[in-house]
Amino acid sequence: MPGYIIHLCEGRYIADKLHISKESQPELLNDFLLGCVLPDAVMDKALTHFRPEWQNDLITKYPDIDHILSEYPVEAMTPADLGILAHLMMDAAYVEEFTAKAAEMSKRRSELTTKAEAQNRDIEQFEHFRGL
């Protein structure tokens with residue numbers, strides 16, 4: 001999962017896109033950025049990450065954004081709540097998109113390594129038989 005610096009950078013990026021600054025709306029910015037790191041400020045992430053029960057046996061767990069939005073309407077959220085939502089959405093995207101792509105790249109790298117090893121064996125065998 002992304003670390004707190006990445007979550008703060010994401011929060012700052014969102015705030016900049018919405019033209020929220022410490023000069024124009026310091027309290028709103030502070031509350032939003034605080035929300036961006038709050039979910040990771042606990043020892044037990046199950047308390048703050050809204051993970052569905054079906055993920056209990058998985059190694060990598062991620063928030064159920066649809067469940068969060070069905071329970072907590074965006075219109076009723078405070079700036080801190082919106083920061084928490086941004087954090088959880090990034091965590092979900094990280095697991096659903098980045099982790100899957102990283103696994104795909106790892107598999108491809110493994111396939112290329114296996115192919116290269118097979119080619120090296122073929123060359124060694126060819127050189128061995130050529131020398132006979």
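Tutor: Let's start with a definition: a salt bridge here is a side-chain nitrogen of Lys or Arg within 4 Å of a carboxyl oxygen of Asp or Glu. By that rule, the count in this predicted model comes to 1 salt bridge.

Student: What makes the pair Asp16 and Arg12 a salt bridge?

Tutor: Their side chains meet at 3.3 Å, N to O, and the cut-off is 4 Å, so the pair qualifies. As background, side chains of opposite charge can pair when their charged atoms come close.

Student: How do you know that Asp16 and Arg12 are separated by about one helical turn?

Tutor: They sit 4 residues apart in helix H1, residues 4–17. In general, an α-helix has 3.6 residues a turn, so residues three or four places apart point the same way.

Student: Why are Asp16 and Arg12 called partly exposed?

Tutor: Buried means under 20% relative accessible area and exposed means over 50%, with partly exposed in between. Asp16 has 43% and Arg12 has 35%, so both land in the middle band.

Student: And what about cysteines: how many disulfides are there?

Tutor: The count is 0. A disulfide would need a pair of cysteine sulfur atoms within 2.5 Å. As for accessibility, Cys9 is partly exposed at 47%, whereas Cys36 is buried at 0%.

Student: How do you know that the length of H2 agrees with a helix of 12 residues?

Tutor: H2 covers residues 26–37, and at 1.5 Å a residue it should span 16 Å. The end C-alpha atoms of H2 are 17 Å apart, so the two values agree.

Student: Which residues of H2 are buried?

Tutor: Leu29, Phe32, Leu33, Gly35 and Cys36 are. These cover an arc of only 155° around the axis, which puts them on the same side of H2.

Student: Why is Asp91 called buried?

Tutor: Its relative accessible area is 1%, and the cut-off for buried is under 20%, so the label holds. Asp91 lies in helix H4, residues 79–131. Leaving out residues up to four places away in sequence, Asp91 touches Met1, Pro2, His7, His49, Tyr62 and Pro63. Take His7: it is 84 residues from Asp91 along the chain, but their C-alpha atoms are separated by 9.1 Å.

Student: What makes a set of residues a nonpolar core?

Tutor: The members must be buried, come from a list of nonpolar types, and be joined through side-chain atoms within 4.5 Å. The largest such core has 8 residues: Tyr62, Ile65, Ile68, Met77, Leu85, Leu88, Ala92 and Val95. Helix H3 (65–71) and H4 each supply at least two residues of this core, and the largest share, 4 residues, comes from H4. There's also a second, separate core of 7 residues, including Ala15, Ile20, Leu29 and Leu33.

Student: Is His19 buried or exposed?

Tutor: Exposed: 68% relative accessibility is above the 50% cut-off.

Student: And how much of the chain is buried?

Tutor: Buried residues make up 23% of the 132 residues, in a chain with 4 helices and 0 strands.

Methods. Residues numbered from 1 in each chain as written. Predicted model: local features only at pLDDT ≥ 70, side-chain atom pairs only at ≥ 80, totals over all residues. Heavy atoms only, no water. Expected span 1.5 Å × (residues − 1). Buried < 20%, exposed > 50% of the residue type's maximum accessible area, 1.4 Å probe, protein only. Arc of directions from axis to C-beta. Contact = heavy atoms within 4.5 Å.
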